[in-house]
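Here is a short briefing on side-chain packing. It covers a nonpolar core, ring pairs and charges over rings.

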Amino acid sequence: MTFFNATLIFGIAAIAVPLVLHLVARREPRKVVFPSVRFLTKRFESNRSRLRVRRWWLLALRIAALAALAIALARPAIHQSLSVTWLTIGLIAALGLALLVLATVAISRGQAKTTVYGLTAAAIAAVLVAMIWGITTYASGTAPMQSSSEPVSIAIVLDNAPTSAWKTPDDDRLARMKDLATWMVTRLPRTSRIAIVDRSSQIASFSLDAASSISKIEQLEPLEVTQPLAARLDSATRLLRTSDLPNRQILLITDLAASTWNDSIRESGLAALLADAPQVAMTIFDLGELRGTNRSLSTPIFADTTPPQGVPIALTSTLSLEADQTTESIAATVELDLFVNDPALPFVRDGKVVRPEMQRLDRTNVRVAPGGSSELLMTIPSLEVGIHHGRIRIVGDDAMPLDDVRYFTLEVLRPSALLIVSDDEDEAQVLKQAIIASPGLVDEEKAEFMVERVGYADLPAVRLREFSAVLLLDPPAAVLQDQSINAFAREGGGIFVTLGPQAGTSAVNDTWTPELIRPWRIPEPGSFLQATAANHPTTQTLTKNTPWADFRVRQYWQVKPATSDRVLMTFAGSEHPALLERLVEPQPKSTETEIDVRPGRILLLATPLPALGSKTRGWNDLFGIDPWPAWLLIRQSVELLTRRGDSSQNVAVGQAVTVEVSSNDQTSRPERIQLFPPDETSPVPLNLSPEATDVTITDVARSGVYWIRGLDAGSGFSANLSDAATALERIELGDLDQIFGPDQYDLATDREGIEVAENKASQRVSLHSPAILFVLIVFLLEQVLGNRFYGRQGA
């Protein structure tokens, strides 16, 4: 027996209560005749009929009140296709009741019998028509039902992106999301099929029962690494279409944060997907705007993530404040901490992870206005050689804790050996000064690079393996064809070549560099460099707002890149490459104990640098007045070739990290390493194959420091949540029409809105609200009539 039928049976039984009370209370009055009041008998007989009418109407109102209350508690609903029919039946029944009221008024006022009989007959006819039509519709059409009695196949999509961590005394986003989802699950019929879909990468599937759905909801946590919302909605839609239930719905609970509803979801084709058959109804529950105060730190920036030993390290970050404009500026304290390196840590003791202790290095106080920001400049003292991890954090709590802490990793390296090969000592000295210059450097012996120079006549006697990179300034054609240089690259070395007049005037083939076609002279005012690879480490800072046009190039070598070469810069006004990159595959292992090395790298600039000698001065003006672009180009190229300045140890959450595990000594190579995530979970063991030179870690799901045991002391990396992930901006509600289509979704801001959308999706029209209104009207009429009746009776 359904709840709807049980409620109706209870209501019918309750209707008998007023009848019983009416019959019990009905007693024959004792006749006492007073001679002095006999003249009132006639008046008493005329009032008796009026009181009898009022008594029966009062009984009818009480019965109607109980019946209407029972129907309202059953939460009835009718099919949308029959809504007009049932409305017409209700109007006819209301007309019959109105005629019956007029008939009773006519009786009480002593109107003519023809009037009374006519009104009564019309009332009875209207009521009979309504009853017969209602019974026929009930028997032949879709019967009225309880609003939530029909089973439904529903996917509750929970947008637990980073903004769901928002928590204030008045707005706990995650708790509201859980409560709403749990309420939705508990009100569904037991035979419904329920899927709980969050922003994780788990496969969308139906839960076994409501208890399993609620358990999954209770385990919900804000995620820093999320799958695209469009992909999760796509998975939910396709899952629902596998269900055999005709009523399929998606309930999306979200805060409409712009970081989630980005441009990609507008191009996902969700509107076309929802329009396909079978139909899936979409309801979006808007959790509302994020109101409160949030202080946030940007990802820390270092001038060099692989600084030399003995040099202080500057760290910059931005502290921003998002709050109502009525809020006054607030003071904030930011602390800089560094983990103390301990070769024995981290480890697991009694089931808990013991990590290195923190050491306070710097502290600063700033005041920020609402909507404003403040630049932070903090200093890390000189560090010893090795890998160091740290963090900056805002002291205190606010509504969004995820962006209050930022982590970083630095690797202090020993100086890299660098060889400059040039026949011009002055040009080599200028280039050396550009390379070893470092902010805060006092002693040249503490520079990042140990630079030596030789001429091309002495190059064959040099052991290139002792150097990390070699710079060839204006090399002769014979050097470009020297296979010993190529062997150095195949062993993982880096080579930087600047072509000039010594390469000759004819084509140079069969070389380890791209093919040289011929020197190319440009009429005045000449050309200039322009970067084409915006994301390459060498040119990423030289793409925008770099005045390359002030540094003219009048002559260069036209080169023909191979298909595997990458063009990083070109000469303006042409498609001729100016800077190319070539990766050189390492040579095969000669023994089983020898391990693989990384590919070598060759950078080739088609015009000379610094072009200050008598032979090269006419080629370009790259080292003219204030030549900071050329200086930065050389610096970044050398850092790339020597593998310094590598920012791969500071990544965004969700980004895969490649950790080098190769070693020159095969006997010291580990067979297994342990990864300690930043949370309290147990370490993850990673087995290493004998020939592996690195290991890739893909599970970077949380921000923090990831420690690696089994390699050098302090090995690991840091992960941070992107600055845009916690932005409080929301999309416009009108954007939803563009994403889903104007008529293919319903927007709700409260639970009643969800019920309306649910009835619309199931093609039901709920009678709960009209029934409650009818109950109220009947109770009011009963009170009014009862007060008048008993008041007159008492008088």
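The points below are grouped by topic. The model is predicted. Its largest nonpolar core has 38 residues, and the structure holds six aromatic pairs.

**Nonpolar core**
- Ile420, Ile435, Leu471, Met569 and Leu622 touch the most other members of the largest core.
- At least two residues of this core come from each of β17 (416-421), α10 (425-436), β18 (449-454), β19 (469-473), β24 (566-571), β25 (577-584), β26 (600-605) and α13 (628-641).
- Helix α13 gives the most, with six residues.
- Leu471 touches Leu418, Leu419, Ile420, Val421, Leu431, Ile435, Phe496 and Val638, leaving aside residues up to four places away in sequence.

**Aromatic pairs**
- Tyr706 and Phe717 form a stacked pair, because their ring centres are 4.9 Å apart and their planes meet at 5 degrees.
- Tyr706 belongs to strand β32 (residues 704-709) and Phe717 to strand β33 (residues 716-720), 11 residues apart.
- Tyr706 has 2% relative accessibility, so it counts as buried.
- Phe717 is buried too, with a relative accessible area of 1%.
- Phe740 and Tyr745 make a tilted pair, because their ring centres lie 6.0 Å apart with planes at 50 degrees.
- Both Phe740 and Tyr745 are buried.
- Ring pairs join Trp261 to Phe740 and Tyr745 in a cluster.

**Charges over rings**
- Arg193 places its charged end over the ring of Phe206, 4.2 Å from the ring centre.
- Arg644 lies over the face of Phe449, at 5.7 Å from the centre of that ring.

Methods
Residues numbered from 1 in each chain as written. Predicted model: local features only at pLDDT ≥ 70, side-chain atom pairs only at ≥ 80, totals over all residues. Heavy atoms only, no water. Core = buried A, V, L, I, M, F, W, Y, C linked by side-chain atoms within 4.5 Å. Buried < 20%, exposed > 50% of the residue type's maximum accessible area, 1.4 Å probe, protein only. Helix = DSSP H or I, 4+ residues; strand = E, 2+ residues; numbered from the N terminus. Contact = heavy atoms within 4.5 Å. Phe/Tyr/Trp six-rings, centres within 6.5 Å; stacked < 30°, edge-to-face > 60°. Lys NZ or Arg CZ within 6 Å of the ring centre and 35° of its normal.
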